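Colleague: I would like to learn how to read a model of this kind, feature by feature. Could we look at it together?

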Amino acid sequence: MPKAPLRILIVAVLCTLSLIGLVVRESMARASGTEVLLAMEAVDPRSLLSGHFVIVGLREELTEGGFPCSTQYADAEWLGLAPNGRTVAAAPVFSLVAESTSSRGAEGAPGSVAVRGVYTCAPPQPPTSDFAGAPGWIDLDLGINRFHINQTEAERIDQMLREQTSGEEQRIFAIVSIGEDGRARLKGLMIDGERLELNWL
Amino acid sequence: MASYRDRVKADLQRWIGADLVAPDKREAILASIPETRRLDAATALAWLGGILAGIAIIAFVAANWDGMSRLMRFAALLLAFLALAGAGAWAAHRERPLLGNIVLTIAALIFAAAIGLTGQIFDIAGDPRAASYGAGAAAFALALAGRSTGAGVAALLFIGFGDFTDRAWFSGLNSEAPWVLIAGPLCAFLALRWGSAPLAHGSAMAIIYCFGWFAARFDDAEAGVFLFLAMGMGAMAAGARWLGSQERRLASVFYGWFAWAALGLFAIAGYLPWFGVEGGNGGLAHRLVWLMASGGLIALGRFDRHMLVTTIGVLSLIGAIFALLSDLGLDLLAAAGVFLTCAIIALVAGLALKQTKKPDA
């Protein structure tokens, strides 16, 4: 058996290589995946430590003829995302179109992509005599919930998200890469048509 | 407090004065008693200094974190880890075990932080449990490579965090076993082999958790399960006591923890159904056995001069008395009868023990 100093150095090098390997593998998977744009909204309550990241709340309003909110919580582990016809800076915006227990089942519509995740939805609430009514919404949980960025930028983006109101044109989108393994990886944010992407430098 | 060596030194002086020991044997006798290693002020300050230095570096990097590029941040993390591991290797080469233990412990902590921060730097979303297990595995590898007890404790902690992340204490464990099931006994083995008290305490608690995990696998736990586990734990306490009698350092730590857990499991068993879900609990008979077991543990603790075991016995006795009084309600006459019976049993047992000791005296 090698002596203690050599053993320690071997363990240290292996640990370092495993971290570098993880970063390289994730970066390659992120670069090679299918890119989709997903609508984002502000999340409440705010995180107490929200200084250095933007909370990624993938939420969109339910539209007529869109995804039916038949069950509030889906048991399915795969979701089908397809372009909803809208584009931002020439990139198509995707919406939830299907749910399934298999990746093949989720790829229903043309141009759709299957991703691992779950959703929560709420149907629209009709207006009553003392309530103006509320639109329905769908929340997607694709395992990505934070975009780490410096404090000033994070606070600026959070403010913009909070200024968005229902019915207005959305200004902020998450740029997500869907890999061959069905995992969603965050590539960055699209703010007023401008890409804010992760890079090494 | 004077060490055993100091006390023998004082006694030797007295025995030499009384002509019981030849003066020329003094040095040979003292040389046969090794100096006990204690955490003296210098060692404590060395630990404190090492930890504060680590905190200072972390605070400095954190202050400049926003101004650094992603690659720079990642490089800073890796360099900090490699520098500490290198210092650990140097300390091992120079045969400075204390320094090696300190830097390898900090290296294990830095690597755990590096996993989390790498995820943050490159926005890699992953399983938080996998991150904890990864940090635990790295800390364990460092502990084994450099014989670092601090890194061993860190490994146990990280693996425990991994087991508890995203689920409640004992819930959701039907499908997957906790990794502490492997890490606990392994660390107990290392604690006995390396003579590390912190590792012994940590692994003893991990083993007790494993017993709790086993009990939690039964949806409708019956007394039988807990009685079985209490007996198993009692047997392990007896085993640890035997190891202690074989001069195995730190076995007494396990003896104390396992004795506590055995009594705890037995106490819980008394409040669960004994004969099916419809059946009643242990009732008065259980409380009486609990009371006697507590008394027995106090006697055993006094006999073994094991303060922790005696304390556990006393606390358990108080618990058993409360349980009995609660069961009997305000029937003080019945309570008096029960306690009188216990007192007679204790007195008879004490007298019997005294009688057996007399022929040797």
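This is a predicted model: local features need pLDDT of at least 70, side-chain atom pairs count only at pLDDT 80 or more; totals for chains, interfaces and linings use all residues.

Colleague: With which residue does the side chain of Arg26(B) meet in a salt bridge?

Modeller: The general idea is that side chains of opposite charge can pair when their charged atoms come close. Here the partner of Arg26(B) is Glu27(B), with 2.9 Å from N to O.

Colleague: How many salt bridges are there over all chains, and how many are counted between chain A and chain B?

Modeller: The count over all chains comes to 13 salt bridges, whereas the count between chain A and chain B is zero. One of the pairs is Glu197(A) with Arg195(A), whose closest N and O atoms are 2.7 Å apart; Glu197(A) is partly exposed at 34% relative accessible area, and Arg195(A) is partly exposed at 35%.

Colleague: Which residues are linked in a network of salt bridges?

Modeller: The network links Arg25(A), Glu26(A), Asp181(A), Arg183(A) and Arg185(A). Within it, Arg25(A) forms a salt bridge with Glu26(A), the closest N and O atoms being 3.7 Å apart; Arg25(A) is exposed, with a relative accessible area of 53%, while Glu26(A) is buried, with a relative accessible area of 3%.

Colleague: How many residues does the contact between the chains take from each, and what area is buried there?

Modeller: The contact takes 29 residues from chain A and 31 residues from chain B. The area buried between chain A and chain B is about 2600 Å², and carbon and sulfur atoms give 73% of that area. For a local view, take Ala125(B), which lies in the loop between helix H5 (97-121) and helix H6 (128-146) of chain B. Ala125(B) touches Gly143(A), Ile144(A) and Arg183(A), leaving out residues up to four places away in sequence, and is partly exposed at 23% relative accessible area.

Colleague: What does the secondary structure of chain B come to?

Modeller: Chain B has 14 helices and zero strands, and buried residues make up 40% of its 361 residues. Among contacts in chain B between residues at least 6 apart in sequence, 63% join residues at least 24 apart. Within helix H4 (residues 70-93) of chain B lies Arg73(B), which counts as buried at 14% relative accessibility. Apart from neighbours within four places in sequence, Arg73(B) is in contact with Trp65(B), Asp66(B), Met68(B) and Ile121(B).

Colleague: In what order do the three strands of the open sheet in chain A stand?

Modeller: As a general point, strands of a sheet pair through backbone hydrogen bonds, either parallel or antiparallel. In chain A the order is E3-E8-E7, and the pairing is antiparallel. Strand E3 (58-61) and strand E7 (118-122) of chain A each have a single partner strand, so one side of each is left without a neighbour in the sheet. The twist averages 20° from one strand to the next. Five bridges join E7(A) to strand E8 (residues 137-141) of chain A, and Leu140(A) in E8(A) is the bridge partner of Tyr119(A).

Colleague: Finally, how many disulfides does a search of the whole structure find?

Modeller: The search finds zero disulfides over all chains. For Cys15(A), the nearest cysteine sulfur is that of Cys187(B), 16 Å away, and Cys15(A) counts as buried at 8% relative accessibility.

Technical notes. Residues are numbered from 1 along each chain as its sequence is written. Chains are lettered from A and ligands numbered from 1 in the order in which they are written. Side-chain values use heavy atoms; hydrogens and water are left out. Two strands pair if DSSP finds at least two bridges between them. Helices (H or I, at least four residues) and strands (E, at least two) are DSSP runs, numbered from the N terminus. Axes are lines fitted to C-alpha atoms, for helices over the stretch in contact, and angles run from 0 to 180 degrees between N-to-C directions. A disulfide is a pair of cysteine sulfur atoms within 2.5 Å. Buried means under 20% relative accessible area, exposed over 50%, partly exposed in between (1.4 Å probe, protein chains only). Contact means heavy atoms within 4.5 Å. Buried area is the accessible area (1.4 Å probe) that two parts lose on being put together, summed over both. A salt bridge is a side-chain nitrogen of Lys or Arg within 4 Å of a carboxyl oxygen of Asp or Glu.
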